[in-house]
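Dear colleague,

Please find the structure below, followed by a summary of what was found in it.

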Amino acid sequence: MQARPCGACDLCCTWLGVNSLGKPAHVACVHLRREGGCAVYEARPADCRGFVCMWKEEARLPHSLRPDLSRVILTRDEAGRRLRVTCSPANPLAWRRPATFKRLMRLCRANWADGIGVFVIAGLRQWLLTPRGVMALGEVRDDVPVRFALHADGSAQVELLAPVPAGEDAERYVATLRATPGSPGAGQT
Ligand code: SF4
Ligand code: SF4
C-alpha cells in the first residue's frame, strides 16, 4: 500500500532524535525547511529512514490523527504487538482531547482481539487503553521491556520488565505486574 503524503505535517523532524546529526529529540532538525519538508530527503540519515509513522502508512487512520493536528505520533514496535501513542512534552495531555481519545479507544477496540495493545506515552508516564477504560502504568522508562496479555473480557495484565544488575543472572528479569480489576492475576504486585 502506498503511503499518503504528510501534507502540512513535519512533526517527526522535531520529535525524532537523530544520532548521526547530533540532534536531540524534540528539537527542530537543521535540515527542516522553513516551508516544510526535508532539505536532504534523498540523503536523509538511517534514523529518519527507519522511522515509520503509522498515520502515514495506514490510510484507515482518520485525517484528524495526523500528528501535527492531534499532537500525538503513532508507531508500532518491531513485533507489531504494541501500538505506541507518543505525546510531545509540550502536549502531554494531547491524547486526552475528546476527539483524539475517542479515535484511540476505537483503535484499541479494533486491535484488542488480535492481542495488539495501544500504549500511550507522555514523558515518563505510560497508560494502556483497554475496552474497559484507561489503565495507568505509572512511571515507566521507554526502554523498559513490556510483556502483556489482553483478555477477552476487556481486562489486561502488564508486566514491566527490568534487567537485573550486571553480574547477576542475565536471563532473569525483575517484573512488576499491573492488572485491571477482575483480570486473572489481579492483585499481584
Ligand atoms: S509525523 Fe508522520 S505525517 Fe508527520 S511528517 Fe512525520 S511521517 Fe509525515
Ligand atoms: S534529516 Fe530530514 S527527515 Fe531527518 S529529521 Fe532532519 S529534516 Fe527530518
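**Ligand shells and core**

The shell around ligand 2 divides into 9 nonpolar residues, 1 polar and 1 charged (Ala, Val, Leu, Ile, Met, Phe, Trp, Tyr, Cys and Pro count as nonpolar, Asp, Glu, Lys and Arg as charged, and the others, Gly among them, as polar). Among the residues surrounding ligand 2 are Cys13, Cys29, His31, Cys38, Arg44 and Cys48; a residue is near a molecule if its C-beta atom, placed from the backbone, lies within 6 Å of it.

This is a predicted model, in which local features need pLDDT of at least 70 and side-chain atom pairs count only at pLDDT 80 or more, while totals for chains, interfaces and linings use all residues. Residues are numbered from 1 along each chain as its sequence is written, and chains are lettered from A and ligands numbered from 1 in the order in which they are written.

Around ligand 1, the shell comprises 8 nonpolar, no polar and 3 charged residues, including Cys6, Cys9, Cys12, Cys53 and Trp55. Domain 1 (1-51) and domain 2 (52-179) each supply at least three residues to the shell around ligand 1; these bounds come from an automatic or database domain assignment.

The largest nonpolar core has 34 residues, and Val85, Val118 and Leu128 have the most contacts inside it. Such a core is a set of buried Ala, Val, Leu, Ile, Met, Phe, Trp, Tyr and Cys residues joined through C-beta atoms within 7 Å, where buried means that 20 or more other C-beta atoms lie within 10 Å of the residue's own, these atoms being placed from the backbone. Both domain 1 (1-51) and domain 2 (52-179) give residues to this core, so it lies between them.

Yours sincerely

Key:
Buried ≥ 20, exposed ≤ 12 C-beta atoms within 10 Å, placed from the backbone.
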